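Welcome, and thank you for taking a look at this model. The report below walks through its overall build and then turns to its charged side chains.

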Amino acid sequence: MLRSAPLKVLRHVVAVLMLSAAGCKNAEQQAVDSTQAQRTQAVADGRAAMSAQDFEKAVKAFTKASSLAPNDPGGFLLLAQAHREAGNDGAAVMALKHAEELGAKSDPAVKRERAELYKRMGQTGAAITTLLEMRDANQLTDAELLMLAKLQARSTDTDGAFETLGRVQSRKPDDPDAKVTETEILLVKGDEVLAANLMDRLLKENPHLTSARVLRARYFLTNGYPELAEADLAQIGPEAQKDPEIVTFKARVFNTQKRYDEAATLLEPLVEKFPRDADLACQLAETKLLAGQLEEAQAMVDQALMQRDNFPRALYVRGRAYELQEDPVSALENYKYALKVDSTFPPVLSRIWRIYREKDEKGEAMGALEKLLFMKEATPDERIALAELYADTGINLERGRKLVDEQLKNAPNDQALKDLKKRLGRGKPKGSAIQIIRKRGR
């Protein structure tokens, strides 16, 4: 009996240990189950908030969900979507990058979303880099390839743009939209006569080709013919007329003609329909600013900057407001900040060179004007301003003569242009296609 006692004790100890282990296992499982239940509820709360368009609440819910499962990319993808809808594109990009680090990197949809966010934020270089990765992995559709080619062209990388375009044209050499993209690249490259002929041929064969109409209208507007731009836009079909891109471009044409009330009438319904679109809000703010409604414009810009504190268009409009208040120092500060985000943003470049010229910083002024020139965004007045700076500094005199000759074709008796050409010295620059296209447009 005494010998069996230790055995009984041992059995009892083993039984207690087994029960204890089972209890620990159950406790661990219960904790896992509890965390999973909390995460499921957080995701459900986030989705409900998204449906109710309460995006701030959705951000909080998805933030909780992702913290409860920090190694699951799904929660961060949902968080990115909520941040985007809330207007915080920068936070959306960070959430997408986190999801990619956790295993979503191979998902084209995630890269596509990140590229779109970069575009919305004005970070064209980052958008191009992301799209090039997708291009080289054969993850882009034909429409996306054409979009990438246009972005490359507008960044003055015409060789890269042609390489991207070739991936579409090698399979579809006569595709009309691809031909429009080719025309845009040719314009940026400087082959304006060839581009003019191609545009005319495209519109003759496809009179209702919206992309070609918009391209030619943009060309007319940049070169100082808003009435011809408006005429091209008027020939776009009724359904395409509802496209926000067409509406905003038409508003830009009206602003150029100082028809601010008509521009506001076009933009206001869009802003009401898309209240979280900072770009639309800022375009309306600019229209109101030009119409003299300074306080209302500033309020709209401040609201946009609360959502996206480094948004180039908002910083541009705020800079314009400071210019109107005769505060060039604050205007320049905002313009510089905008160009840190997007160094090729035409509206900012079109204002900042004027401030640099007033400050007698000719090199900076020429740099901004040359960017506009190379992107084919410089207006006739800006080309002449650049030629004057070339004459003042003795730099790029041949290019300056060419710029003056382009304007003399349209105004052969302009004495100021003749005098400027004398200051630039002698030369035989080639003519421009601007007058050719203008006549065809009419």
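A residue counts as buried when its relative accessible area is under 20%, as exposed when that value is over 50%, and as partly exposed in between. Please keep in mind that this is a predicted model.

**Overall build**

Let us begin with the fold as a whole. The protein has 24 helices and 0 strands. Its radius of gyration is 29 Å, whereas a compact globule of 442 residues would come out near 22 Å. Along the principal axes, the C-alpha atoms fill a box of roughly 130 × 55 × 45 Å.

Of the 442 residues, 45% count as buried. Among contacts with a separation of 6 or more, 52% are between residues 24 or more positions apart. The protein exposes about 22900 Å², and carbon and sulfur atoms supply 52% of that area.

**Charges and their pairs**

How many positive and negative side chains does the protein have? There are 67 positive and 66 negative ones, and the centres of the two sets lie 3 Å apart. Side chains of opposite charge can pair when their charged atoms come close. In this structure, there are 30 salt bridges.

| Pair | N to O distance |
|---|---|
| Asp72 and Arg39 | 2.9 Å |
| Glu296 and Lys288 | 3.3 Å |
| Arg423 and Asp392 | 2.4 Å |

The salt bridge between Asp72 and Arg39 links distant parts of the chain, 33 residues apart: Asp72 sits in the loop between helix H2 (55-68) and helix H3 (73-86), and Arg39 belongs to helix H1 (residues 4-51). Is Arg39 buried or exposed? Its relative accessibility is 13%, so Arg39 counts as buried. Asp72 is partly exposed, with a relative accessible area of 29%.

In the salt bridge of Glu296 with Lys288, Lys288 is buried at a relative accessible area of 8%, while Glu296 is partly exposed at 39%.

For the salt bridge of Arg423 with Asp392, Arg423 lies in helix H23 (residues 415-424) and Asp392 in helix H21 (residues 380-393), so this pair ties together parts that are 31 residues apart in sequence. Arg423 counts as partly exposed at 45% relative accessibility, and Asp392 counts as partly exposed at 43%.

Finally, there is a group to look for on the model: Arg135, Asp136, Glu163 and Arg167 are linked in a network of salt bridges.

Conventions. Residues are numbered from 1 along each chain as its sequence is written. This is a predicted model: local features need pLDDT of at least 70, side-chain atom pairs count only at pLDDT 80 or more; totals for chains, interfaces and linings use all residues. Side-chain values use heavy atoms; hydrogens and water are left out. Helices (H or I, at least four residues) and strands (E, at least two) are DSSP runs, numbered from the N terminus. The radius of gyration is taken over C-alpha atoms; the globule rule is 2.2 Å times the number of residues to the power 0.38. Buried means under 20% relative accessible area, exposed over 50%, partly exposed in between (1.4 Å probe, protein chains only). Contact means heavy atoms within 4.5 Å. Accessible areas come from the Shrake-Rupley method with a 1.4 Å probe; for residues, only the protein chains shown count as cover. Lys and Arg count as positive and Asp and Glu as negative; His and the chain ends are not counted. The place of a charge is taken as NZ of Lys, CZ of Arg, CG of Asp or CD of Glu. A salt bridge is a side-chain nitrogen of Lys or Arg within 4 Å of a carboxyl oxygen of Asp or Glu.
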